Amino acid sequence: MGMTQHAEPAVTTPPAPGPSNTKDGRTAERPLALRLLARPEVGVFLGAVAVWVFFLIAAPPVREGSAMANILYQSSTIGIMALPVALLMIGGEFDLSAGVAVITSALTASMFAFQLTLNVWVGVFVALLVSLAIGFLNGWLVVKTGLPSFLITLGTFLILQGVNLAVTKLVTGNVATDDISNMDGFDQAKKVFASSFEVAGVQIKITIIYWLVFAALATWVLLRTKYGNWIFAVGGNKESARAVGVPVKFTKISLFMLVGFAAWFVGMHNLFSFNTVQSGEGVGQELIYISAAVIGGCLLTGGAGSAIGPVFGAFMFGMVQQGIVYAGWNPDWFKAFLGVMLLGAVMINLWVSRTATRR
Amino acid sequence: MTTEETGPHGAIIADTPDTAAGGEDGVIVELRGAGKSYGNIRALHGVDLKVRPGQVSCVLGDNGAGKSTLIKIISGLHRHTEGDFLVDDTPVRFSTPREALDKGIATVYQDLAVVPLMPVWRNFFLGSEMTKGPWPIRRLDIERMKKTADHELREMGIVLDDLEQPIGTLSGGQRQCVAIARAVYFGARVLILDEPTAALGVKQSGVVLKYVAAARDRGLGVIFITHNPHHAYMVGDHFSVLRLGTMELSAPRDRITLEELTNHMAGGAELAALKHELSQVRGVDTEALPEEGDLTAATTGEGTS
């Protein structure tokens with residue numbers, strides 16, 4: 001943004017007879033530090049470091065490796081969902097049903113497998129279909145009606161919340177699903193979705209690895225592929241994107257389905273690490289995912305953001321959630337802390353980007 | 001830029017190719033009695049238009065005359081509901097802009113040509129990205145895209161230091177030129193320009209008009225939508241005036257003068273009536289205003305020049 005002062009006169013330059021390799025020389029390079037600060041990912045990275053240092057001082061147990069593994073695990077369950085939510089936000093849409101969709105997926109897998117006494121993999125597969133279908137429905141309704149996704153997904157949020165509770169009670173007579181840990185394929189599925197391994201005496205949950213791999217993949221897709229280009233375009237200006245031939249509907253619907261996929265993944269993790277699912281959970285999580293994406297520098301109105309920013313955003317949340325416990329404070333403070341962090345982060349982001357991009 | 005001689009208005013006088021002998025050939029896009037209704041509202045009705053390579057076809061009209069509807073039909077955003085729309089003498093019904101693009105019809109929209117937050121080079125290739133590598137790892141060929149974009153922009157006389165800057169930071173004229181360069185690069189045969197000069201200053205308008213002429217000289221058929229008859233007359237080979245959804249005038253350059261065009265655009269007949277009313281108001285010199293009779297010349301021509 002800072003390099004625009006030359007914009008006006010440049011157009012009066014008479015057309016060059018042929019391509020020459022000279023710069024037009026009317027812009028000065030801004031200092032590297034300023035250019036870096038202008039990137040929202042750098043801001044959220046510094047914020048994450050600040051929160052980390054804060055808890056290193058305030059809560060001595062955080063300094064241990066096992067505590068860090070625990071914090072990263074907490075961050076990963078938020079972070080895996082925050083990634084597609086961030087991509088969707090860059091694509092210009094919201095998904096308020098993301099939190100309860102995780103539980104819907106876990107409930108589906110658990111009840112389908114248990115009630116029909118099938119191999120758990122059948123339940124896992126059906127849950128994937130259901131999650132993708134929910135994502136498709138959200139996306140399809142948004143592109144068909146043109147209504148704000150905020151409204152559409154608020155609707156699906158309420159529907160899923162009610163269905164989760166009612167169907168679970170109808171099927172199991174209880175608010176939670178039955179324990180599936182004795183079923184065929186459970187151990188196998190647990191290995192895939194909820195295992196852990198040891199590194200230097202510290203137990204590392206596998207979700208941390210998934211989180212980082214997904215983040216790397218999302219970054220690559222966003223910056224290096226056609227599809228990533230389309231995500232920025234449909235979020236930045238839907239009409240322009242359509243006019244130059246970008247498949248807007250496909251891009252939006254597939255982004256919603258990507259959220260469905262992640263909801264399935266995290267749902268499976270919940271199911272196979274706790275063996276049973278509480279039907280009333282998940283409410284409020286969607287706001288945590290959205291906050292992580294916003295703190296990570298994704299523009300609420302779409303068209304800008306990154307996949308790496310939400311990784312740091314999710315880390316900040318996981319850090320605070322566990323840090324409060326390690327510091328021996330009342331965990332009730334968590335949400336208040338989050339609110340302060342969200343406000344602080346967006347304001348610092350705003351201030352930094354204004355300062356760094358000043359002409 | 002252009003090799004044509006310069007006429008009295010500083011206009012570029014194009015030698016209109018005689019297509020009478022060739023009949024229909026050479027015509028890329030043709031509308032025959034085309035129209036569009038939105039429900040019970042008839043936005044456009046009975047429009048005839050021919051676009052030939054190397055010619056600028058100007059469509060003029062006041063706000064609400066149906067210019068936007070006309071563009072939307074040709075560019076594939078909306079389907080026509082009456083008449084015929086032919087590309088290369090074949091009737092077509094586009095359902096997406098992509099189909100129009102595939103036929104070589106590119107549109108440069110007034111304000112929705114670009115995604116402001118995206119870098120210049122990404123905008124240049126948006127929707128037609130260059131890729132490399134086999135499928136699972138097929139990725140953008142960023143190096144080649146930046147190089148090509150820079151080359152094409154320099155060909156058009158636009159020199160940018162940093163192709164990474166968001167296109168929203170360019171001036172309006174530069175953005176138009178980037179969009180025109182993009183359309184030319186992607187092999188457009190017909191270029192639709194939607195009021196490219198409407199929001200620009202005098203100098204910038206001149207630059208855009210130069211690129212219109214440049215595109216024409218490269219052999220593109222240009223549909224130039226505007227409500228500025230002066231801009232239209234500088235580059236146009238054929239002029240159509242829309243009023244209230246119908247074609248009020250269709251004339252080749254040699255059958256109409258700038259004055260007549262201006263009067264038509266200003267709403268000739270209505271102005272004559274207004275003149276009568278104004279003559280009863282003190283202080284308005286109505287002698288200098290044209291009479292309705294001056295406007296009858298070249299009112300309706302056949303297709304094109």
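Predicted model: local features only at pLDDT ≥ 70, side-chain atom pairs only at ≥ 80, totals over all residues.
## A helix residue, a core and a chain

Is Asn263(B) buried or exposed? Asn263(B) counts as buried because 21 C-beta neighbours fall inside 10 Å, and the cut-off for that label is 20 or more. Go eleven residues along the chain and you reach Pro252(B), whose C-alpha atom is separated from that of Asn263(B) by 16 Å.

Now for the nonpolar side of things. The largest nonpolar core has 178 residues. Met81(A), Val85(A), Leu87(A) and Leu191(B) are the ones with the most contacts inside this core. Which helix of chain A gives the most to the core? That's helix α12, residues 248-274, with 15 residues. On the chain B side, the core takes at least three residues from domain 1 (3-104 + 189-300) and at least three from domain 2 (116-186).

Met81(A) is worth a look of its own. Leaving out residues up to four places away in sequence, Met81(A) touches Ala98(A), Val102(A), Ala262(A), Ala263(A), Val266(A) and Tyr289(A).

| Feature of chain A | Value |
|---|---|
| Helices | 15 helices |
| Strands | two strands |
| Residues that count as buried | 47% of 359 residues |
| Contacts joining residues at least 24 apart, among those between residues at least 6 apart in sequence | 78% of contacts |

Definitions and conventions: Residues numbered from 1 in each chain as written. Chains lettered and ligands numbered in written order. Helix = DSSP H or I, 4+ residues; strand = E, 2+ residues; numbered from the N terminus. Buried ≥ 20, exposed ≤ 12 C-beta atoms within 10 Å, placed from the backbone. Contact = placed C-beta atoms within 7 Å. Core = buried A, V, L, I, M, F, W, Y, C linked by C-beta atoms within 7 Å. Domains from an automatic or database assignment.
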